[in-house]
Structure formats: structure tokens, C-alpha cells
Amino acid sequence: MTHRPVTLLAMSPGTRAAVLGDPDTLSELHRVADVDPALLLSDSQDLAAFPVDRLGETEVLFTGWGCPALDAVALDRMPRLRAVVHAAGSVKHHVTEACWDRGLLVSSAAGANAVPVAEYTLAAILFANKRVLEAAHLYRSTRGPIDLLSRYPAIGNYRRTVGLIGASLIGRRVLELLRPFDLRVLVHDPYADAAELEALGAEAVDLDELLSRSDVVSLHAPSLPQTRHLLNAARLALMRDGATLVNTARGALVDTAALTGELVSGRLHAVLDHTEPEVLPSASPLFDLPNVLLTPHVAGSLGGELDRLAATAVEELERYALGLGFRYAVDPGRLAYSA
């Protein structure tokens, strides 16, 4: 490398251990950047106590979960900062208006993080239409033969309808994964182009039509003030009897009380990786319902999948060092309606 930019890690100690735990990735990071892995800027630190010389020399921040907010005060201490490379998804937690005012270049590994979420969603959709969760509970309780055809006459994925709410990075990745299957796919996204969605194998529809036509509804919209309780009692009531709601987005998109009522009645099914609150009260009936699968926020990158985030961020850092544009640059104009 002819130019190895002075780079500072900005994340929590736990994030550093998880995301940069692979020796090969760390070696690549050293190859493309002048970085000290032992030096860490995190949101639990007092910025005023951080070594002034290193802040003053920093050209790139390599960020992750636990990065402090990059406000005007923080940026004033980093006069040479030119870019932020985020080894995770959303940058909203740390990239402030001051960063855009300063003209900083920002990259995110959100596309890499979309991969495991989309894989989880695909599995949830296929299992939902096959009634795997419900059949497993029934088999466990009866411990004997089950007449599947009489109990589940509409079981299976052939020509079933899947509705995706949000043509986000994750939503589009789910679209790609669904293409080999004999499924009808509907998409609702007020910012997406209908012709583009059609080229991806989906039909653009309004939200109410999507809810009333789909056998499985999967959420991929951002959590914004205008999307809070997007699925309220009235909209949940539009869903078909026996339909399944999959939420790998944010719990705030759904009215939990209204959804709980639908699930307790047995009319709907759900696969929920996100809820509101994030951890449901221990007395919530959703933990025990046979038509509900609750998972503790496992759809996103975990374990070895974190290596993909780090590798993506290192590749972006190398592009910066070579004077190339980021492949996964963040567009500030889209942050108002994206995650």
C-alpha cells in the first residue's frame, strides 16, 4: 500500500473482540492502515482523556457497536478526519449532522449484515408455510401418528403468497433468495420503483392489499416516527386467517398488544426476532403459544458472521487508501427513511 491512512478503532471492547477476532482480518487491517488495535475509542470513555496526538492524526475511524457520537465537539478533536468506515449496519447511532457538514465520507457494512437476516427470513417463510413449528409442537404433545393432510390441508410453499414490507437492503436480499421458489411475492415500499420491483420478481402493492393477500408477511422497514405501529389492530385484522407475521426488523413497527390478541386467539402465527419491548415481560403469553416462535435477536450477524462485517469494512478501507470511492457509501439523503 502506498498510503496507509492513520486509523483509529471506535467501538466497545466487546465489539473489538468479536468483530476483529479473526487473525487474518486483523492482518489485512494492518496491511491497509496504520492502526493500533490496542488503542480504542468507545462510548464509555471521556473523550477529553483520550490521547490528543492520536486523535489529531486520525484520518479514518473504523467504527462498530459502542462507537461514541461523532458530534461537533468530537470532530473538533479530529481535524484530519476524512472518513468513517462502519463494520456494522446503521450509522444513525454515531454519525451526526456534524459529520455531513464536515463533508466526511461514510461507509457501512449494512449489506453484509443483511445476509444472515435474509437467510433467517427465508427459513422462517418456508417453515411457516410448511407449518413446521405448529406440527413440531403437536408431534411433541401427541407422540404418535398425525394426520397431516386433514389437520393442515393447505400446507406447503407451492404458489403461496409472501408479502415483504420494505424494499430495504434486507428486503431486496430476501427477494433474491425467494426467486428459486414457486412463490408469489408482493412488496410494499412507498419509496421503491414499481418497475424495479417487477424486474426483481415482485409485484408492488399498497400495504392493505399486501396484508389481505399474503400467507406470510415479513417486515423489513426502518423504525421511524411514521412507521411506529405500522401494523396496528386494524391492519393486523386485514391479514388472512392462519397467516404468519415475521419480524426481523424492529418491534416498534407492530402494536404488541394487538398482535398478542391475534396470536392468543390462534387466528395468526408469528416468528418474532424483534418485539416491543425488546425483551418481553416474563409473563407474556407469547413465550408459550404453539403458533409463535420467539428468538432473542439472533437474525443479525453473530459469531462467524461477524467476520463478514469486518472483511467488508477492511475492503472499504482499502478502497479509501487507494483513492477509490466506497462501494457501500452511505447516502445522507436516504437516512430520513432508512435504518
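Before I show you anything, one bit of bookkeeping: when I sort residues by class, Ala, Val, Leu, Ile, Met, Phe, Trp, Tyr, Cys and Pro are nonpolar, Asp, Glu, Lys and Arg are charged, and the others, Gly among them, are polar.

Okay, so this is a predicted model, where local features need pLDDT of at least 70, side-chain atom pairs count only at pLDDT 80 or more, and totals for chains, interfaces and linings use all residues. Numbering starts from 1 along each chain as its sequence is written, and side-chain values use heavy atoms, with hydrogens and water left out.

We have an open sheet of 5 strands in the order 2-1-3-4-5, with parallel pairing; pairing takes at least two DSSP bridges between two strands. Strand 2 (34-41) and strand 5 (105-108) sit at the edges with a single partner strand each, so one side of each has no neighbour in the sheet. On average, neighbouring strands are turned by 20° against each other, direction ignored. Strands here are DSSP E runs of at least two residues, helices are H or I runs of at least four, and both are numbered from the N terminus.

Further in, strand 1 (residues 6-10) and strand 3 (residues 60-63) pair in the parallel sense over 4 bridges, and Ala10 is opposite Thr63 in strand 3. Helix 2 (residues 23-32) packs on this sheet, touching strand 1, strand 2 and strand 3; contact means heavy atoms within 4.5 Å. Its direction makes about 115° with that of strand 2, with axes fitted to C-alpha atoms, for helices over the stretch in contact, and angles from 0 to 180 degrees between N-to-C directions.

On a 1 Å grid over the protein atoms alone, a cavity is where a 1.4 Å probe fits but cannot get out, while a pocket is an open set with protein on both sides within 12 Å along at least five of seven lines; lining residues have an atom within 4 Å of a point.

Take the second largest pocket, which is lined by 16 residues, with Phe127, Ala128, Leu133, Val271 and Leu293 nearest its centre. What is the lining like by class? It has 11 nonpolar, 3 polar and 2 charged residues. Helix 6 gives the most, with 5 residues.

Helix 13 (residues 256-265) supplies the largest share, 3 residues.
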